[in-house]
Amino acid sequence: MEQEDTPKPRSGAPSDGHTLLERMRASLAALEQLAPPARADLPSDVREALQRETAALQQVRGELEALLSREALTREERSARLSMEQGREQRTNPLNLLAAGVAHEINNPLAYTMGNIEYLRQRLPCHTLPAPLADECQQVLEEALEGARHIRRIVADLRALSQGDTRADEPVDLPAVLERTLRMAATHLRHRARVVRDYGPDVPPVLGTPTKLGQVVLNLVVNAAQAFPEGRVSENQLTLSLREETDAVVLSVADTGRGIPPEILPHVFNPFFTTRGEGMGMGLPICREIVTSLGGDLRVHSEPGKGTTVEVTLRRAARPEPKVASREAAPTHRARRILVVDDEPRVVDLLRRLMRGQELVSAANGREALERLRATPDFDVILCDLMMPELTGMDVYETVRATWPGLHERIVFMSGGVFSVEMQRFLKQVKNPLLTKPFEPQRLQGVLATAHERLGH
């Protein structure tokens, strides 16, 4: 009896799964030709044995096909996750740099704007002005200062969002994150829905970082806002609530929007899945990835026509020990010799005005500062901007430490936005104070007094 040749294993490298499957299919086809069920010329025991072997091989083939299918799905998931991570990095890195750069450029003029307004406010009322006019001038300055402070809060939120996720998990004030996020998303919500807050001041802290949690909340709030049509604020509501559980805090973001159809709901965490033409389908997958990396959980509940609720479960952190309130040192009246290093002339003018009575020497850049120090290094305090062309504040610090040992301890850094990883690492390593622009005059005086006290002056 002639038999068809079955494929034989090839020598050399081992076969992959798909090659093995093809060989098995060929072997099964040969067996089925040898012993079809209607073939009566074979002894019954031989036919039954062939049929049993054929059935066994068919089962193995089915298992191998299922295994290969699962492996293919796993590869697709890994590829999708990699694409998601690469896409997020490509999008967020330039945006983070842009956001931090914008924050820095705004904070410099905002510093001298706020400082000058505060300077004038403290010197009113003036006896040469009629009382009604003096009161009106005071009110105008208060309003201008309020507007400048609002800009400062917006820029601070932008700067916080632009910072990287290099910090380890720490206790985070979740209500503060929600408030900051709602300010950032105000333009999305103002004409779409009313915002209801359902949380008190005593919510325990959660583990995470302000940046990671801020990104999650911002994505969820913007997603919810997009579920509402514009112009029906009274009919639409977005509710942010917090509740405590045994070892966790649960954040609920609930909207009264269109809801998600049941057939779509299982796919909302799939990367690049979106039902909106302008969306990229990355918001919820990124949120779940962040929350999972923090040891939490994210779930979505939705009912068409009634709305959607996203619940984020986060690990509860231990409450930090209460800090002992320290009385801010009063500014000394003895004249100090202060070197101010900043490439923004208006900031230098403001500092000169706020530190009237002190001997102030200015330098427009790092090289000029080092020249001043080489001429006479006997400064009580050095106020040095971190971000400057050519020589940065870090460069000035390293040169001062190497050339005039001990003088580097008198440096107080100023910055409108520290955004590079290198600078963040540097500030953690050194013990020098940081004065963040824009600063209140009281904050400046307090930092200077603390620096004097620390050095035993």
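Start by selecting helices α4 and α6: α4 passes α6 in a right-handed crossing (the near helix is turned clockwise from the far one by less than a right angle). This is a predicted model, where local features need pLDDT of at least 70, side-chain atom pairs count only at pLDDT 80 or more, and totals for chains, interfaces and linings use all residues. Numbering runs from 1 along each chain as its sequence is written, and side-chain values use heavy atoms, without hydrogens and water.

Residues 174-184 form α4 and residues 210-225 form α6; their axes come within 9 Å and cross at roughly 50°. That makes α4 oblique to α6.

Next, show the side chains where they meet. From α4, pick Leu 174, Val 177, Leu 178, Arg 180, Thr 181 and Leu 182; from α6, pick Pro 210, Leu 213, Gly 214, Val 217, Leu 218 and Val 221. Contact here means heavy atoms within 4.5 Å.

Now jump to Asp 342, in the loop between β8 (337-341) and α8 (345-354). Is Asp 342 buried or exposed? With 2% relative accessibility, Asp 342 counts as buried (under 20% relative accessible area, using a 1.4 Å probe and protein chains only). Its side chain reaches the backbone nitrogen of Glu 344 at 2.8 Å. Leaving aside residues up to four places away in sequence, Asp 342 touches several others, including Val 347, Ala 363, Asp 385, Met 414 and Lys 437.

Finally, zoom out. The protein chain has 12 helices and 12 strands, and 39% of its 457 residues count as buried.

How values were computed
Axes are lines fitted to C-alpha atoms, for helices over the stretch in contact, and angles run from 0 to 180 degrees between N-to-C directions. Helices (H or I, at least four residues) and strands (E, at least two) are DSSP runs, numbered from the N terminus. Angles under 35 degrees count as roughly parallel, over 145 as roughly antiparallel, 65 to 115 as roughly perpendicular and the rest as oblique. Buried means under 20% relative accessible area, exposed over 50%, partly exposed in between (1.4 Å probe, protein chains only). A polar contact is a pair of N or O atoms within 3.5 Å; within protein, one must be able to donate a hydrogen and the other to accept it, and residues adjacent in sequence count only if both atoms are side-chain atoms.
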